[in-house]
Amino acid sequence: MLCVPQVDNPKLLRFLMVEPLLVGVMRKWNNNAGIVYAPDPQLHLQAFSHWTYEVTDKKLMVVDVQGFKMPAEGSAAPRILLVDPAIHCVGTDYFTSTNCGGEGGAGFDLFLESHRNPKTHYCGKACKAVRDKFKAFRKKQHEEAEQAERTRRAFSCLRVVPDRASPGGTASTSPLVDKKLGQLKPALKAHEECSKLLAGRALPVPGALFQAIEDCLKHRLMAPERVAELHRRRVEGNIGRHDWFDSMGNLTRVN
Ligand SMILES: [Zn+2]
């Protein structure tokens, strides 16, 4: 991080994040539509994309694997510095518009189609070498997720007690829960609203709120202002979902 005093007012400081200058030719070894740079496919990078897919139970895939080939230095082998990937994910609310993993998962299919094409042999030795490690890695991830869930349950302040005195309302045990509910509830309500509109026209109701809102817009069931408002609630809800506790019980923002 650089701290730069301003020329016209040295008391005013500006902070800048910097990274090393990247030189050389930038190469894209695969993109988010299954295209591989055939003259130099770098099979271990293709195996990396495949691995991210398998290890996440086919829910996510890192693609757009691109960057710079760094020249060999002394006895060290040449390195590849990767930057700016795209991620296909079954959850369409994540990873920007380059995510083509939702709604049937076309992004996954495009990668696998070229990757497993017997003419290209992109899926080969390098993939095989990491295949056996998929299961062990995933088992560890599941165990850690279960442990995190047990820890979360141990925090009694997260327990929400339904308020029987006022039907439909909830009474929580902490201001934090109130805050979270304040963020999450409007998003849930937004999904309800979209579901009613879509179901009313016998249209399918997507599980993801983003798509549900967009479908309402597409079928002109909702005014653009309302669409904007529901998207605002959706984003707020996502922020609420990403609040988490660290081991000391302090609230931390993980995303
Ligand atoms: Zn493979």
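View 1. At 2% relative accessibility, His-115 counts as buried. Buried means under 20% relative accessible area, exposed over 50%, and partly exposed in between, with a 1.4 Å probe and protein chains only. This is a predicted model, in which local features need pLDDT of at least 70 and side-chain atom pairs count only at pLDDT 80 or more, while totals for chains, interfaces and linings use all residues. Residues are numbered from 1 along each chain as its sequence is written, and side-chain values use heavy atoms, with hydrogens and water left out. His-115 sits in helix H2. Helices (H or I, at least four residues) and strands (E, at least two) are DSSP runs, numbered from the N terminus. Leaving aside residues up to four places away in sequence, His-115 touches Gln-46, His-50, Thr-120, Tyr-122, Cys-123 and Cys-127. Contact means heavy atoms within 4.5 Å.

**View 2. The zinc ion and its protein donors.** Which residues supply the donors of the zinc ion? They are His-50 (ND1), His-115 (NE2), Cys-123 (SG) and Cys-127 (SG), lying 1.9 to 2.4 Å from the zinc ion. Donors are N, O and S atoms within 2.8 Å of the metal (3.2 Å for Na, K and Ca); water is not among the atoms, so sites may look incomplete. The four donor atoms subtend angles of 100 to 121 degrees around the zinc ion, so the arrangement is tetrahedral. Four donors count as tetrahedral if all angles lie between 85 and 135 degrees. For four tetrahedral donors, the ideal angle at a metal is 109.5 degrees.

View 3. The donor residues of the zinc ion follow the spacing H-x64-H-x7-C-x3-C in sequence. His-50 and Cys-123 link distant parts of the chain, 73 residues apart. His-50 belongs to helix H1 (residues 43–55). Cys-123 lies in the loop between helix H2 (106–115) and helix H3 (125–154). Cys-123 counts as partly exposed, at 24%.

**View 4. Helix H1 and its cover.** The 13 residues of H1 should span 18 Å at 1.5 Å a residue, and the end C-alpha atoms are 18 Å apart, which agrees. The expected span of a helix is 1.5 Å times one less than its number of residues. Buried residues in H1 are Leu-45, Gln-46, Ala-47, Ser-49, His-50, Thr-52, Tyr-53, Glu-54 and Val-55. What covers the buried residues of H1? The cover includes strand E4 (60–63), strand E6 (79–83), H2 and H3. Asp-57 follows H1 and has a positive phi, near 60 degrees.

**View 5. Asp-64 in a loop.** Asp-64 lies between E4 and strand E5 (66–70). Phi of Asp-64 is positive, near 55 degrees, in a residue other than glycine. Asp-64 is buried, with a relative accessible area of 11%.

View 6. In helix H5 (residues 209–218), the buried residues are Leu-209, Gln-211, Ala-212, Ile-213, Asp-215 and Cys-216. Arg-220 is not a glycine, yet has a positive phi of about 55 degrees. Is Arg-220 buried or exposed? Arg-220 is exposed, with a relative accessible area of 75%.

**View 7. Cys-216 and Cys-194.** Cys-216 is buried, with a relative accessible area of 0%. The cysteine sulfur closest to that of Cys-216 is in Cys-194, 4.0 Å away, too far for a bond. A disulfide is a pair of cysteine sulfur atoms within 2.5 Å. By this rule, the count is zero disulfides.

**View 8. Gln-183 and Val-235.** Gln-183 lies in helix H4 (residues 175–200). Gln-183 is buried, with a relative accessible area of 7%. Gln-183 and Val-235 are 52 residues apart along the chain, and 9.1 Å separates their C-alpha atoms.

**View 9. The protein as a whole.** The secondary structure comes to six helices and eleven strands. Of the 255 residues in the protein, 29% are buried.

Terms used:
Tetrahedral: all angles 85-135°; square planar, octahedral: opposite > 155°, others 65-115°.
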